[in-house]
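Hi,

My notes on charges and overall shape follow below it.

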Amino acid sequence: MKKNKTYRFKSLDPITPTIAYDTYWKFAFWRQEIFIKRLRGEVEDLTSDEIIKTYKFTNAYRACDRVSQYLIKEVIYSGRFSTRDMFFRILLFKLFNRIETWELLQAKFGIICVENFNVKKFSNFLDSEMNKGRVLYSNAYMMASGSKEFCVTRKHHAHFMLLNMMLKDDLPQKIEQSSSMAEAYRHILAYPLIGQFLAYQYVTDINYSEITNFSESEFTVPGPGARDGIRKCFTSLGGISESDLIKILADRQEQEFDRLDLDFKTLGGRRLQYIDIQNIFCETDKYCRIAHPEIAGISGRTKIKQLFKINSKSIDYFFPPKWKIKMGDLRG
């Protein structure tokens with residue numbers, strides 16, 4: 001393991017960590033080890049950690065999760081699209097964040113693009129699917145229903161109307177012309193139903209495409225789960241904001257893995273980005289409910305809802321070409 005590195009932040013002072021701070025880095029290492037082993041075709045002895053064996057946790061890198069992989073491969077890089085169509089495809093997919101809903105719409109309306117989009121037709125079609133008992137939305141993170149804002153009774157009607165509003169306002173072009181991720185984020189945040197965390201998720205998803213090319217280590221917004229994890233990992237931030245804390249940890253990640261003698265394998269040369277650091281806080285919050293039940297968070301949750309179960313459908317991993325991921329390094 002490489003030693004004698006130079007780090008911008010040599011000390012956490014005045015931040016005061018708890019025992020869960022080491023757990024944070026160990027969890028990131030363990031979860032990445034599982035990802036690497038699966039990528040190399042291993043199916044047994046993926047981890048000795050009983051908590052990770054029992055419960056469902058996302059990958060250390062957000063882009064490695066199944067839904068993000070589908071977004072990258074099937075929604076963004078499945079063909080050549082204009083900025084307007086690409087924005088539309090990404091936001092339409094992310095409004096529901098559910099692969100089955102995207103495939104349902106695609107089977108009905110053909111190539112998903114602005115030209116084929118009609119609020120009434122899309123709404124009526126999903127009405128009929130809902131009436132059959134179809135689940136349309138993922139439970140990963142939910143948008144407000146928009147019933148009051150758009151005077152409708154079903155939220156997918158409101159969400160289609162919101163997307164139509166964005167297109168009429170030329171939001172795709174505004175995003176493309178933004179000079180920073182923070183500027184693009186503010187454009188998205190200005191719309192109804194979209195809070196700070198959701199706007200950050202959306203700008204990150206858009207940045208997977210060629211519409212923008214922002215650094216993911218430029219700007220971050222911690223979500224509710226991440227704030228819960230931060231509360232468990234630190235007794236005091238010493239006046240430092242949660243966003244700045246994420247930046248500090250991203251900077252010193254190699255130092256922390258070295259300190260704990262963990263040979264963390266990056267994503268083909270790509271370090272953990274701000275979005276990944278905050279996501280790991282969210283997963284650490286869940287992990288600590290079992291590992292450190294004596295440490296209270298913000299939400300007060302004490303159980304992990306989802307149990308781990310093997311998904312037999314393999315993933316042929318693909319990442320935005322602009323990242324220049326070294327897949328050979330990952331597969332060994």
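K56, R66, K309 and K313 form a patch of positive charge on the surface of this predicted model. R66 sits in helix α3, residues 66-76. R66 is partly exposed, at 30% relative accessible area.

Now the fold. The chain has 16 helices and two strands. Its radius of gyration is 21 Å, close to the 20 Å that the globule rule gives for 332 residues, so the chain is as compact as a globular protein of that length. The C-alpha trace spans about 60 × 45 × 40 Å along its principal axes. Buried residues account for 52% of the 332.

Next, the salt bridges. The structure holds 18 of them. Among them is R154 to D127, at 3.1 Å from N to O. R154 lies in the loop between α7 and α8, and D127 in helix α6, so this pair ties together parts that are 27 residues apart in sequence. R154 is partly exposed at 25% relative accessibility. D127 is buried at 14%.

E129 pairs with K132, with the closest N and O atoms 3.3 Å apart. E129 is buried, with a relative accessible area of 6%. K132 is exposed, at 64%.

K247 and D244 also meet in a salt bridge, at 3.8 Å from N to O. Both lie in helix α13, residues 242-251, three residues apart, or about one turn of the helix. K247 is partly exposed at 29%, and so is D244 at 36%.

Best wishes

Methods:
Residues numbered from 1 in each chain as written. Predicted model: local features only at pLDDT ≥ 70, side-chain atom pairs only at ≥ 80, totals over all residues. Heavy atoms only, no water. Patch = residues over 30% accessible without salt bridge, like charges linked within 9 Å, V, L, I, M, F, W, Y side chains within 5 Å. Areas by Shrake-Rupley, 256 points an atom, 1.4 Å probe, with all protein chains shown as cover. Salt bridge = Lys/Arg side-chain N within 4 Å of Asp/Glu carboxyl O. Lys, Arg positive; Asp, Glu negative; His and termini not counted. Charge placed at Lys NZ, Arg CZ, Asp CG, Glu CD. Helix = DSSP H or I, 4+ residues; strand = E, 2+ residues; numbered from the N terminus. Buried < 20%, exposed > 50% of the residue type's maximum accessible area, 1.4 Å probe, protein only. Rg over C-alpha atoms; globule rule 2.2 N^0.38 Å.
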